[in-house]
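Me: I would like to go through a structure step by step. Could we begin once it is on the screen?
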Amino acid sequence: MNDKKNTSKYLSQLIAVSKMYYEKNMTQQQISETIHMHRTEISRLLKEARKLGIVKFTINDGMQDISTLEHFFIEKFNLKDALIVPTNVYEQNVLESLGTISAKYLEKLFHSNMIIGLSWGKTVAGTVKKVSSEHHLKNTTVIPLIAGPLGKLPNDYHANTIVIKLSQKLSANKSTLEAPAIVSSKEVMQELLNNPNNQSVVQKWNKLDVAIVGIGSDLITNQSRWKAFYKGTSFENEFKTSGGVGDILSQPFDYDGRIVDFSANIISLKLSDLMNVPNTIAIAEGNLKIKSIIGALRTGIINTLITTDLTAIKIKEELEKSQM
């Protein structure tokens, strides 16, 4: 909860400084003297407020409604934490806003002597892109939670690429998986897992401190990223006929949170093991993922959700509608 409070505190600070400067017409020097903060830091906060779109014609400080939404998700799904990003105060791209605030949340969580695991995809990649490069973590290792695609997925979205970028920003160690995520047989899968480099990753999966994942949806199977990862694999056919509404680490679940029986040979951390990770953080948003986020939350695998207020409101409405 402290990490969420720190992130909310940062947003509140941006709002407060912006109000003093733009609404009360205080100078940066006056603000500095009022809140006992160096003038250069005041300048930086004002630039950040403009960058995030907090400063528009008016300043939106609707953090109370956000807090109510976060409390709803924590109580409803027995979460450790929830972070709702207020998209209504941003002019920039929604995914960029989500990445910016998610990164600040994660930076409070990361520390030395950790093992951090990452999935693949645009949302996780966008979050890592926003992580500051000013960290120097000792004895911390970043690893992928799933192997790579068979198709031509943009390199930036590969789990290995995201792992390398985060390890550089944290000055941490890294290990990568040299294998496709979905293979033709259990024999091939075992052969790849026996590779010493891959073994070093797999052996760290049961020692994870933080797992950061995206949530897939049955409604995005026509998107190019989805096809690039799964096209031509057994997953593509099975997922479309399985009754699953979404997946985490290429392992599907239904709307009620039941893990779908699957025969695909997937090189990734099992969802049953993901449940044992102290901090399993899912970052997802969008109308196409409403039911998949609900299903993911119902699995009990996720203990922290980061999403937007628009998505959170639609999830709440969907839950209320299903209870009628």
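Me: Which residue stands opposite V210 in strand 6?
Reply: I116 stands opposite V210 of strand 6. Please note that this is a predicted model, in which local features need pLDDT of at least 70, side-chain atom pairs count only at pLDDT 80 or more, and totals for chains, interfaces and linings use all residues. Residues are numbered from 1 along each chain as its sequence is written, and side-chain values use heavy atoms, with hydrogens and water left out.

Me: How many bridges join strand 2 to strand 6?
Reply: Three bridges join strand 2 (residues 115-118) to strand 6, and the two run parallel. Two strands pair if DSSP finds at least two bridges between them. Strands (E, at least two residues) and helices (H or I, at least four) are DSSP runs, numbered from the N terminus.

Me: What about strand 6 and strand 11, how many bridges there?
Reply: Strand 6 (residues 210-213) is joined to strand 11 by four bridges, again in a parallel arrangement. A211 has T280 as its bridge partner in strand 11, and I212 has I281.

Me: Are the residues of strand 11 buried or exposed?
Reply: Five of the five residues of strand 11 (residues 279-283) are buried, that is, under 20% relative accessible area with a 1.4 Å probe and protein chains only (exposed is over 50%, partly exposed in between). N279, I281 and I283 point one way, while T280 and A282 point the other way.

Me: And which residues cover the two sides of strand 6?
Reply: V210 and I212 are buried on one side of strand 6, and A211 and V213 are buried on the other.

Me: How many residues of helix 13 are buried?
Reply: Eight of the 10 residues of helix 13 (residues 290-299) are buried, among them I290, I293, I294 and L297. Just after helix 13, G300 takes a positive phi of about 80°.

Me: New topic: what is the volume of the largest cavity?
Reply: The largest cavity has a volume of about 40 Å³. On a 1 Å grid over the protein atoms alone, a cavity is a set of points where a 1.4 Å probe fits but cannot get out, whereas a pocket is an open set with protein on both sides within 12 Å along at least five of seven lines; lining residues have an atom within 4 Å of a point. Grid points are joined across faces, edges and corners, and the volume is the space filled by probe spheres set on the points.

Me: Which residues line that largest cavity?
Reply: The lining consists of L106, F110, L118, V124, T127, V128, V131, L166 and I212. Helix 6 gives the largest share, three residues.

Me: And the largest pocket, what space lies in it?
Reply: About 670 Å³ of space lies in the largest pocket. Its lining has 32 residues, with Q251, S268, L269, K270 and L271 nearest the centre.
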